[in-house]
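Work through the exercises below with the model open beside you. Each task is followed by a stepwise solution.

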Amino acid sequence: MKVNNSSSTLLEIKKQASKIKVNHKLDSIVDTPFFKKKMEKGRKMLTAPGLPK
Amino acid sequence: MNLEKYEIESSSTYLRFEFYSKGPKGKIKKQVEFEQFELDSVFYNIGFGDVDEYGNINDLAITDNNDGQKVLATVVLSIFKFFEKYPNASVFATGSSKSRTRLYRIGITNNWTEIEKNYEVYGFLNSYWSPFEKGKDYEAFIIRAKNKK
C-alpha cells in the first residue's frame with residue numbers, strides 16, 4: 001500500500017513538472033540559434049575552392 | 001595595436017572573451033567566443049554579441065554607444081589573444097547579417113597595419129576564397145597566423 005501511495009505521488013509530481021515551462025537562459029553565444037546557423041553556413045563555405053591550406 | 005581598445009577578460013581556455021562597451025547608452029557587456037567546427041579541425045568560428053542585464057545574448061544588436069571603432073579594435077585584440085593559445089588555428093568570421101559582416105570588414109581594414117604583420121586574411125566572395133583586398137564586399141573571412149608553430 002505504502003509503495004502504491006509513493007508511486008502515485010511520484011506520478012503526480014511528474015505530471016505537474018511536465019506542465020512547468022522553463023525558460024532556458026543562454027550564457028554562451030555558441031548555444032544560440034543564430035550561431036548554430038553560422039556554423040552551418042561556415043561548414044559549407046569551408047568546402048569552397050581557394051581555401052588556404 | 002594603435003587604436004584605443006577596451007580591457008578584456010578571458011576564460012582559461014581562451015575560447016571566450018568579455019569586455020564592457022562604455023558610452024551614452026551606458027555600460028554594455030560584449031562577448032566574443034570561438035567554437036571549433038569539428039574535433040581536430042583547425043577552423044574556429046567566431047561569435048560576437050551583446051549580453052543584456054538578464055544574461056541573454058543578441059548578436060544583431062546595434063548598441064549605438066559611440067564606440068564602434070573601439071569595440072571592433074577590441075574584437076580584433078581578442079582574436080590576437082586567441083592565437084596566442086591556438087597558433088595553428090584559422091578563424092572563420094561572418095556576420096549574422098550583411099551589415100554585421102560589413103562591420104567585420106571594417107574591423108579588418110581599420111586594423112590592417114597590425115593584422116598584416118603577423119596574420120594572413122582571406123575573403124569569401126562569389127563562392128571562392130582569395131587573399132583579402134580592401135574595399136571588396138566579402139561574405140566571410142578567414143584569419144590565420146603567418147608563422148605557425
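**Exercise 1. Find which residues of helix 2 of chain B are buried, and on which side they lie.**

Step 1. In helix 2 of chain B, the buried residues are B:R100, B:T101, B:Y104, B:R105, B:G107 and B:I108. Buried means under 20% relative accessible area, with a 1.4 Å probe and protein chains only.

Step 2. They lie on the same side of helix 2 of chain B, because they cover an arc of only 160° around the axis. The arc is that of the directions from the helix axis to the C-beta atoms.

Step 3. An α-helix has 3.6 residues a turn, so residues three or four places apart point the same way.

Note the basis: this is a predicted model, where local features need pLDDT of at least 70, side-chain atom pairs count only at pLDDT 80 or more, and totals for chains, interfaces and linings use all residues. Residues are numbered from 1 along each chain as written, chains are lettered from A and ligands numbered from 1 in written order, and side-chain values use heavy atoms, without hydrogens and water.

**Exercise 2. Name elements that cover these buried residues.**

Step 1. From chain A, the cover includes helix 2 (33-45).

Step 2. From chain B, it includes helix 1 (68-85), helix 3 (112-118) and strands 4 (43-51), 7 (119-125) and 9 (140-145).

**Exercise 3. Compare the radius of gyration of chain B with that of a compact globule.**

Step 1. With 149 residues, a compact globule would have a radius near 15 Å. The rule is 2.2 Å times the number of residues to the power 0.38, over C-alpha atoms.

Step 2. Chain B has 15 Å, which agrees.

Step 3. Its C-alpha atoms fill a box of roughly 40 × 35 × 30 Å along the principal axes.

Key: Buried means under 20% relative accessible area, exposed over 50%, partly exposed in between (1.4 Å probe, protein chains only). Helices (H or I, at least four residues) and strands (E, at least two) are DSSP runs, numbered from the N terminus. Contact means heavy atoms within 4.5 Å.
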